[in-house]
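Subject: Structure for you to look at

Dear colleague,

Here is the structure I said I would pass on. My notes on it follow below.

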Amino acid sequence: MEDREQVPGPILGVEGIVKRFPGVLALDGVDFSLARGEIHALVGENGAGKSTLIHVLGGILQPDAGRIALDGAPARFESPRHAADLGISIVFQELTLAPNLSVAENVFFNRQPTLGLGIVDRRALYGRTEDALRSFGLEIDPRLPAKRLSVAMQQMVEILKALARGPRVLVLDEPTASLGAAETELLFEKIRTLRVSGCSVIYVSHHLSEIFRLADRVTVLRDGRRVDTLRACDSDEAKLASLMVGREVRDIYGARTTEIGEEVLRVEDVHKGKKVRGASFSVRAGEILGLAGLVGAGRTETGRAIFGADPLDSGRLVVRGKAVRVRSPAEAIRHRIAYMTEDRKEQGLFLKMTLRENCVAASLDCFRNALGMLQEKVISTHAETMCALFDIATPSVRQQVRNLSGGNQQKVLLTMWIGTQPLVLIVDEPTRGVDIGAKSEIYQLLRQSAARGIGIVLISSDLTEVLGMCDRILVMREGRIAGEFARGDATEEKIIACAAGVAPEAAA
């Protein structure tokens, strides 16, 4: 990376920031500074203090001690609106769009152009939104309700909403977690344009490769403390990972330890609406099969169709040589097909229920006695065993899942589906929003599952993850399988070119 010269004097700085919660010291004397026109990455494991620091900078939380300076003058952000009025916009990892409002109404929420007397100027509203969408290369109807958009497009609208305020400081918290390769490139291009115009960016991401493509400097937090701040050009992924976890991190993807077995699932000419149009492939026992492609290519829809969450319009599924009908998730589970959703909070976990209850939610019939009654002691023993095997950090199996970190929530979701004893496990974005330490653990668990003979279909937008984990990689485009690569032949360039429908040399 080029060594970019910074304009002297920080636009934003914090010194000795402390924030306590009952029983937890979330920030312990943290220092942080952001130069004008700088892209400054903020990294650390879940629980390191990143979110708390962002909430302090956004006026959501008030620090218990320490000082904040804006343009060199003491500052105190009384509320999120106050922080926004001072030029600080935050795009949080969790979507905050009003689902029933249009794209335009969300982008200019509470700031719609008016004709007077409080009457919204719809023409101006839609025109300005179209201009903003065009700047991102997005073809979205500004009148469309936000709930009609994919998660990736909702994330892009969240970013446009923040940019529409013309911020001096933009904070992006895991902005690419829901984006595919093409959308990520659009975002990176916009971020670089912003820094040239003088906007300063705080970029939070678990994807360390992104840090080195964008950031000027990196600050590492661990256990509520600042471990180090260094220039991105003076570091690498291994060094950052070691600073984040406090130990050396080696080969997080692991390697195959057993042979690939017989075919366990064959998907033949599957159709589902306009999203899946004739997909065909197979997966074998112990194999990790990657499913890559751009957002909207039909990867998730294919997984959901196989699992019966959105039953097939046509096509055939063959499990261990026998054709099966799957019209619901219950039927999929009976045929030993499991699906771990990409959206753990909305579709995967029962957040207000306990870890113990979530562990067995997909396999309750296995825990009933002859009279059909649930065996509570057996459930508790199973949950405690799974917690130990999956190294889930929790004070008790009776802890509500919503109180766990993102990485531990993801491991609970994995235990839920491993508990169904599947032949085929479809995992959709299995490491979305989790830190490097949790990623390494999840990869290990997937490796162990494959070693036990489970055929794994890995759907992921993270090409580094796909290349690191998969034995074979299928690329989807417009609902069909557009290409296949063996592990040794695949590269990011080849996959992106295939996903976009262009020759590899044209994409280079």
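Predicted model: local features only at pLDDT ≥ 70, side-chain atom pairs only at ≥ 80, totals over all residues.

I39 has V201 of strand 10 as its bridge partner.

Strands of a sheet pair through backbone hydrogen bonds, in either a parallel or an antiparallel sense.

The sheet as a whole is open and has six strands in the order 6-9-10-3-11-12, with mixed pairing. Strand 6 (88–91) and strand 12 (225–231) are the edges; each has a single partner strand, so one side of each lacks a neighbour in the sheet. From one strand to the next the twist averages 15°.

Strand 9 (residues 169–173) and strand 10 (residues 200–204) are joined by five bridges in the parallel sense, and V171 has I202 in strand 10 as its bridge partner.

Two helices belong with this sheet. Helix 6 (residues 181–196) packs on the sheet and touches strand 3 (39–43), strand 9 and strand 10, with its direction at about 145° to that of strand 10. Helix 8 (residues 237–245) lies across strand 3, strand 11 (217–222) and strand 12, and runs at about 30° to strand 11.

How many of the residues of strand 3 are buried? Five of its five are. In a regular strand the side chains alternate between the two faces of the sheet. Here I39, A41 and V43 are buried on one side, and H40 and L42 on the other, which leaves both faces of strand 3 covered.

Helix 9 (residues 299–307) is another covered element: seven of its nine residues are buried, so the rest of the structure largely encloses it. The buried residues are R299, T300, T302, G303, A305, I306 and F307. After helix 9 comes G308, which has a positive phi near 85°.

The surface has one item to report. L115, L117 and I119 make a nonpolar patch of about 400 Å². L115 is in strand 7 (residues 114–116) and is exposed, because its relative accessible area is 61%, where exposed means over 50%.

Regards

How values were computed: Residues numbered from 1 in each chain as written. Heavy atoms only, no water. Pairing = 2+ DSSP bridges. Helix = DSSP H or I, 4+ residues; strand = E, 2+ residues; numbered from the N terminus. Axes fitted to C-alpha atoms, helices over the stretch in contact; angles between N-to-C directions. Contact = heavy atoms within 4.5 Å. Patch = residues over 30% accessible without salt bridge, like charges linked within 9 Å, V, L, I, M, F, W, Y side chains within 5 Å. Areas by Shrake-Rupley, 256 points an atom, 1.4 Å probe, with all protein chains shown as cover. Salt bridge = Lys/Arg side-chain N within 4 Å of Asp/Glu carboxyl O. Buried < 20%, exposed > 50% of the residue type's maximum accessible area, 1.4 Å probe, protein only.
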